[in-house]
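Please look over the model shown here before reading on.

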Amino acid sequence: MPTGLEVRGLSKRFGGLVVAEGIDLDLAPGARTALIGPNGAGKSTFANLVTGILRPSAGTIRFDGRDIGRLSERQRVSLGIAKTFQITNLFTRLTVRENLRLPVLEREGRCMRMFRPAQGDPEVEAEVDALIRQFDLEPLADRPVSDLAYGQQRLVEMALTLALRPRVLILDEPAAGVPSSETHLITDAIEALPGDLAVLIIEHDMELVFRVAASIVVLVNGRILTEGTPDTIAADPEVRRLYLGGEDG
Amino acid sequence: MRNLILPLACLLAAVAAFFVFPYDLAFLTRIVIMIVFVLSIDLVLGYAGIPTLGQAAMYGSGAYAAGLFSIHVWGDPLAGLAVGALAGAAIAALSGLVVMRARGLTLIMLTIAVAAILHELANRARGLTGGADGLRGIRVDPVLGLFEFDFIGRTGYWYALAVAVAVFVLLAVIVRSPFGLSLRGIHESPARMTAIGASVYWRQITAYVIGGAVAGIAGALAAQITQLVSLEVFAFALSAEAVIMLILGGTGRLTGAVIGTTLFMTVEHIAAANDPFNWLFVIGALVLAVVFFLPAGLIALPRALTGLIVDKGGRDADRT
């Protein structure tokens, strides 16, 4: 039985507008794949199709051999497909610790419990503490997220998604809006992700992409233009013309 | 432990008020009942982030249900409260299935519509509710078979206070639970809650039903103690004033509901007695002052005061 995510012929049309056309993509456990392409290429649409926010017009999405194309966003989360938000979307008035406690409780199906405190379960707290350590958030753990710098909020965003214990993690522009002086925080955090996790990174920051990705898929106008290792992509004349070296003419 | 100081101080003040204002027990009891009602709105609006201007729908249902129950079935007050809670919960569940599909302004309009429909139903069903004349003839047995309701309202006050304390403790447990945390999460970001696998719709309906049960208890208390239910229990003004009381005290904090309600009703009581024509002006000024200077409500007053005294640079300095 094939493991991991297997996308075949995925298409999405909004009326006459084609935003994704015949996309094939595999994400095996441990994959580090980057999805790049100019603005409007359909990268976020692809991510939304895989996580279930959008329904595909055609094509199949299989996860561990099972067709998940008709499952809801919630059902896919419980199977282990999770995505970070392109624009930070956190519980801003809750503390960092509360932000991480919530997905752990939700994953464990404990959020309908009303008569015991949310705080203080040793297993949950141990997991939350481990995430806080993993992302170097210890000094900020009891601050409301609104107090944090944007780069730190992006780390909470990743930690929160990782708290769902996903098997496929989609990072939608993890470094977007982060000042370049803080980008290394994001890169380090991505490099420290569990080895067996399948990661799809949608990103504009080429330095970050070439550091963390083992393979790169180039998307243009909703279609896959080419794919390969970072070296072949960097050498591809069409990619250079269309995207990477656009300003050279 | 620090979280207990303010609620305990409020309870102490409520006990002291019984002895300090022995001739105002009817008014004090009205405050306590209103606190229960505003607590229900705090759960729905302050914690779950459901904007409502129609919580009176559940309050009124609880009042009529408890009143009718005592007239036709049984005069026991605690059984009446249970019936009121069930009525409030049932109305919240039925209307919530529709209302929670909407967002924002549409949702507010729907909550108002539900209360308006019930108002008209109660008005038309004259034979059952007494219509505009109100539901009369409510007789309530002694509490636990021991404490008879008296003319001065001593039993009524202690009874209402005991129920209010029980509701407060129950809600305090709920808002600290995983369920309560998930409601705050929905308040902050429904999209994110869906993305971590929560069903926002059912979670909000559950909160609405619990809030509806509490509002029903408040209505039942009012019916039992005043021994009258009028159409006003469904009035828009009741829902709206309760929301203002909550905002005054501070949303998303249970003690905020207690403080806001007490202050609003006390100011209203004194201002209306001194100047029957212009007392609304005082309320308006009070609300404006709080919204401008203490947007988080009166409960944030101590922190705001310390913020004025402590060097403001400290907070910015440790950001960098």
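What follows describes a predicted model, beginning with the cores and ending with the interface.

**Nonpolar cores**

The largest nonpolar core has 95 residues, and within this core B:Phe37 and B:Tyr157 touch the most other members. Helix H2 of chain B, which covers residues 25-47, supplies the largest share of this core, namely 17 residues. Apart from this core lies another one, made of 49 residues, including A:Leu94, A:Leu102, A:Phe135 and A:Leu155. Once neighbours within four places in sequence are left aside, B:Tyr157 is in contact with B:Ala14, B:Ala17, B:Phe18, B:Leu25, B:Leu28, B:Thr29 and B:Val32.

The table gathers counts for the interface between the two chains.

| Item | Value |
|---|---|
| Residues of chain B in contact with chain A | 29 residues |
| Residues of chain A in contact with chain B | 32 residues |
| Salt bridges between chain B and chain A | four salt bridges |
| Polar contacts between chain B and chain A (both residues at pLDDT 80 or more) | eleven residue pairs |

On the side of chain B that touches chain A, the elements giving two or more residues are helices H7 (154-176), H8 (178-188), H9 (190-195) and H10 (200-226) of chain B, and H8(B) gives the most, with eight residues. By class, this side of chain B has twelve nonpolar, nine polar and eight charged residues.

The area buried between chain B and chain A is about 2,700 Å², and carbon and sulfur atoms give 60% of this area. In chain B, the residues that lose the most area to chain A are B:Glu188, B:Arg192 and B:Ile196, together 27% of what that side buries. B:Glu188 also forms a salt bridge with A:Arg93, in which the closest N and O atoms are 2.8 Å apart.

Terms used
Residues are numbered from 1 along each chain as its sequence is written. Chains are lettered from A and ligands numbered from 1 in the order in which they are written. This is a predicted model: local features need pLDDT of at least 70, side-chain atom pairs count only at pLDDT 80 or more; totals for chains, interfaces and linings use all residues. Side-chain values use heavy atoms; hydrogens and water are left out. A nonpolar core is a set of buried Ala, Val, Leu, Ile, Met, Phe, Trp, Tyr and Cys residues joined through side-chain atoms within 4.5 Å. Buried means under 20% relative accessible area, exposed over 50%, partly exposed in between (1.4 Å probe, protein chains only). Helices (H or I, at least four residues) and strands (E, at least two) are DSSP runs, numbered from the N terminus. Contact means heavy atoms within 4.5 Å. Buried area is the accessible area (1.4 Å probe) that two parts lose on being put together, summed over both. A salt bridge is a side-chain nitrogen of Lys or Arg within 4 Å of a carboxyl oxygen of Asp or Glu. A polar contact is a pair of N or O atoms within 3.5 Å; within protein, one must be able to donate a hydrogen and the other to accept it, and residues adjacent in sequence count only if both atoms are side-chain atoms. Ala, Val, Leu, Ile, Met, Phe, Trp, Tyr, Cys and Pro count as nonpolar, Asp, Glu, Lys and Arg as charged, and the others, Gly among them, as polar.
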